[in-house]
Amino acid sequence: MPTESSSPRAVVVGGGIAGLASAVALRRAGWRVTVLERAADVREVGAGVAMSRNAVAAFRGLGFTDDDVAALGRPTWAAGTWDEHGRRLLTVPATPQVRSAVSLVGVHRRRLHGALLDAARDHGVEMIPGIAVTEVDPGEADGAPAVVAGHVAELVVGADGMRSAVRAAVYPGHRPVYSGYSSWRAVVRAPQVPDALVQYWGPHAEFGLMPVADDETYWYGYVAMPERTVLTDELGTARERFAGWPAPVRDVLAVTPREAVLRHDVHHLPGGLPRYAVGRVVMVGDAAHGFLPTMGQGAATALEDGLSVGLLIGAPVADGGRLAPALEGFDRVRRPRCRGLARAALASARVGAHLGGGVPQTLRRGLMRLVPSAALSRGAQGAMGWTPPAPASPVR
C-alpha cells in the first residue's frame, strides 16, 4: 500500500449518493480523494428510498455496521400491488422465503446521504462545494493524467447525476430523455398505514407508500404529464389527480403539508452509456445508466457502483496495478448488470404506470393474478440478490 503522500489521487464530480459512496470506497482503498460539488452546500433534498437487500449489502461493504443500517430507517418489505380501485393485482405471500426476498429498509434519503457524507469526512475526503464542472480532459488510462476543473488526477469519477457535465464532456451524444412522467414525493408525519411498501397502479399513474421511520411515511405519485409543466398548487393537483383512489392514498395526501411536497420530471438514459470508462474517467450512478424509477433501484445501483469503484479500480491500482485493466474490469462487471436492470425497469413501466386505460387494464389485472410466488422470489433475487465483488487483483 502506498504512503499517503504517494497515494494515487481521485477527483469525484458530484456529492450525491453515487459520488460519496465512490469517495468512501476509494479512500478506504488508500487513495487521496477530492469531491467537487456544483451546489454551494453538499446536501440532499430528496424524499424516500426503498433500500433493498443489494443496497444494504453495498452500504455494509462501505464499512457501515448493522447498527448503522438500523439507524437509517424502518425495516419493511414490498407487500404487493393493487389497482386504482383497491383490487389486488399482485400480493406477496407471508412465507419467510418470499418475504425475505422482498425485504427492504424504508429510509429518508437525507439520512442515507448524511451517513455517507459523515463517513467521507471521517475518512479524510476533501469536499469542495460550489464548483461547476464545464470541461474535462479524460487523459489516457495508462498515460497522461485527467484534468477536471483545474484538478489533476489519476482517476475522475463522473457521479454528477442525470444531467451530468462529465458525461456531456466525454459522451456528448448521450443525453437523457423525458419519460413522459412526473413524480410528486413527500415524507410526512403520519401513521404507518400500511406498514409496508404498497403500490397502486392505474392508467398512466402509480402511487406508492412506505414507512421510513416509526412516525414517518414516504409517498410518491408518478403520473403522465407534459415536460416542464408549471403548477400553482402541487399538493392540490396531486389530491385531485388521486381523488378516487383507495383510502390509504387519500389519507396520506390529506395529512401532507404543502411545503413537504416535491415534484420532478422523470428523465432516463435509454440503453445507458456504451462504456462506463473513457481515458481515466469512470462513470457511475445516473450519469452512467440513469434508468426509470419503476424498479426502485436508483439509489441501490449508486451504492453498488460506488463500492465497486473501490473494489475493482481503487484496490488493484493502490496495490501497484495498472489503471487500464482495472477500468475495463469495472465496465465488464457493472455495465451488464445495470443494463439488465434498465431493461427490467422499462418492462415494469410498460405493464405498470405507463399502461393506458380500458382493455389493457383488464388484461393486466387478469394476468398478474396468475403470477406464482416462486416467480416473485426469482425476480426479486435477480434484482436484489447482488453481493459485492471481491477486490480485483492488480494487473502490472
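Colleague: Where does His204 lie in this model?

Modeller: The model is predicted. His204 sits in the loop that links strand 13 (197–202) and strand 14 (205–213). Its phi is positive, about 55°, although His204 is not a glycine.

Colleague: What makes Arg228 exposed?

Modeller: The cut-off is over 50%. Arg228 has a relative accessible area of 65%, so Arg228 counts as exposed. Arg228 lies in the loop between strand 15 (216–224) and helix 7 (234–241), and its phi is near 60°, positive in a residue other than glycine.

Colleague: How do you know that strand 9 and strand 10 pair?

Modeller: Pairing needs at least two bridges. Three bridges join strand 9 (residues 146–148) to strand 10, so the two strands pair, and they run antiparallel. In one of these bridges Val147 has Val152 of strand 10 as its partner.

Colleague: Why are strand 8 and strand 10 called edge strands?

Modeller: The open sheet has three strands in the order 8-9-10. Strand 8 (136–137) and strand 10 (151–153) each pair on one side only.

Colleague: Which residues have the most contacts inside the largest nonpolar core?

Modeller: They are Met51 and Leu155, in a core of 105 residues. Helix 10 (residues 298–318) supplies the largest share of this core, 11 residues. Beyond its neighbours within four places in sequence, Met51 is in contact with residues including Val56, Phe59, Leu72 and Leu303.

Key. Residues are numbered from 1 along each chain as its sequence is written. This is a predicted model: local features need pLDDT of at least 70, side-chain atom pairs count only at pLDDT 80 or more; totals for chains, interfaces and linings use all residues. Side-chain values use heavy atoms; hydrogens and water are left out. A nonpolar core is a set of buried Ala, Val, Leu, Ile, Met, Phe, Trp, Tyr and Cys residues joined through side-chain atoms within 4.5 Å. Buried means under 20% relative accessible area, exposed over 50%, partly exposed in between (1.4 Å probe, protein chains only). Helices (H or I, at least four residues) and strands (E, at least two) are DSSP runs, numbered from the N terminus. Contact means heavy atoms within 4.5 Å.
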